[in-house]
Amino acid sequence: MALPLDVCIRGAGIVGRALALLLARERLRVGLVESAEPPPSDVRAFALNAASRDLLQALRAWPDEVQATPVLRMDIQGDEQGAVHFDAREQGVPALAWIADAQALQQRLAEAVRYQPLIEPLAAPQEAALTVVCEGRASASRAGFGVHFDVTHYPQQAIAARLACEQAHGGVARQWFSDGNILAFLPTGGPAGNSVALVWSVRQEHAPGLLSLAPGEFAARIEAASHGALGKVTLAGERVAWPLQLAQASRWCGPGWALAGDAAHTLHPLAGQGLNLGLADARELAQVMHRREYWRSVGDEKLLRRYERSRKSQVSAMQWATDGLQQLFAQDGEPWAWVRTWGLRGFDRSGPLKLWVARQAAGRF
């Protein structure tokens, strides 16, 4: 007869698998509910900070350099001459972030899970002392625990794709704020690569038209929006799109259950912090289990409240910051453009404030 599970994790995405590996290291028996259908091809790439890299390296799930490209510089361009620049050398760090392929991360984590004997793949949820929901923002399980998911929909959609560029990216992540749209080029293919992951947050009414354009026409729009920063670009694969939202669960835990990752919170992708927050959830929940009193069950509500209190403050601060930036750059009109330009210039020269923000984004508190 199989031993009972300590933890059942619903959702085998990046956060769910990372959490399973972390809890198995605490000698807990973990059931991981995986989808019966093979995952679709994923064109996304994630900006991972130093804290997330440290965690994934410790789990032996960090991709190789071609699939996890270091960001040496970040250039952010706003209205007219408003701009902000971050440089790894100025920060005294090897990289500001790493751009990791979504599929490469999933594959490395899946391999690590396969070799961990305390993790049991499941086709359906099973009874356990603790159930953790990691099913993403569209979670089907969350409501079953009486949780309300408070959602604010942005009038934008994100379009993701991969681009081959005429010029090498040089390890520079680039972002442009213009006319309520946010265009990001994330360097991929290693330090000497000439490919980028595109994330284009566009007004909702413009998304269908952009998605229906022929590949050449779409690439021409990208070249214009990026001011030809990397020369001629070519669409390298399919485009995917999804609606953008700000959301947070009314409760993150209760007796015998907890939420983590996008099942607990979502935010605008303009700062690239979504997966970093989810992995930080996994790390904190595992640390709470490591520090728990010997007589407490892993599903003890007081124990799980420690996890919720620890994570909510950081997540709320990041949501507030990204929402504020989105609202600021969504405003039309000359007065707002002047405010944005003045603010970006001032921030770029702010010294200690700029350094503090960079450390927060890197997960170095």
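Hi everyone, let's start with a pair of strands: strand 5 and strand 11 (residues 172-178) run parallel and are joined by five bridges. Strands here are DSSP runs of E with at least two residues, helices are runs of H or I with at least four, and both are numbered from the N terminus. Two strands count as paired if DSSP finds at least two bridges between them. Before I go on, please remember that this is a predicted model, where local features need pLDDT of at least 70 and side-chain atom pairs count only at pLDDT 80 or more, while totals for chains, interfaces and linings use all residues. Residues are numbered from 1 along each chain as its sequence is written, and side-chain values use heavy atoms, with hydrogens and water left out.

Back to strand 5. Strand 5 (residues 73-77) also pairs with strand 6 (residues 83-87), in the antiparallel sense and again through five bridges. Have a look at M74: its bridge partner in strand 11 is A173, and its bridge partner in strand 6 is F86.

In what order do its six strands lie? The order is 8-2-1-9-17-16, in an open sheet with mixed pairing. Strand 8 (119-122) and strand 16 (253-254) each have a single partner strand, so they stand at the edges with one side left without a neighbour in the sheet. Strand 16 pairs with strand 17 (residues 257-259) over two bridges, antiparallel, and there C253 has A258 as its bridge partner. Helix 1 (residues 14-25) packs on this sheet and touches strand 1 (5-10), strand 2 (30-33), strand 8 and strand 9 (128-133). Contact means heavy atoms within 4.5 Å. The direction of helix 1 makes about 170° with that of strand 2; axes are lines fitted to C-alpha atoms, for helices over the stretch in contact, and angles between N-to-C directions run from 0 to 180 degrees.

Next, the nonpolar side chains. In soluble globular proteins, nonpolar side chains tend to be buried together. A nonpolar core is a set of buried Ala, Val, Leu, Ile, Met, Phe, Trp, Tyr and Cys residues joined through side-chain atoms within 4.5 Å. Buried means under 20% relative accessible area, exposed means over 50%, and partly exposed lies in between, using a 1.4 Å probe and protein chains only. The largest core has 69 residues, and V7, I9, L23, L48, L56 and V132 touch the most other members. Which element gives the most to this core? Helix 1 does, with nine residues. Another core, of 20 residues, lies apart from it and includes F185, L198, I222 and V233. As for V132, leaving out residues up to four places away in sequence, its contacts include V7, I9, L19 and A258.

Last, the charged pairs. A salt bridge is a side-chain nitrogen of Lys or Arg within 4 Å of a carboxyl oxygen of Asp or Glu, and by this rule there are 14. R162 and D101 form one of them, at 2.9 Å from N to O. Is R162 buried or exposed? R162 is at 18% relative accessibility, so it counts as buried. D281 and R311 meet at 2.6 Å, and both are buried. R44 bridges to D42 with 2.8 Å between the closest N and O atoms, and R44 is partly exposed at 33%. Finally, R73, D75, D87 and R89 are linked in a network of salt bridges.
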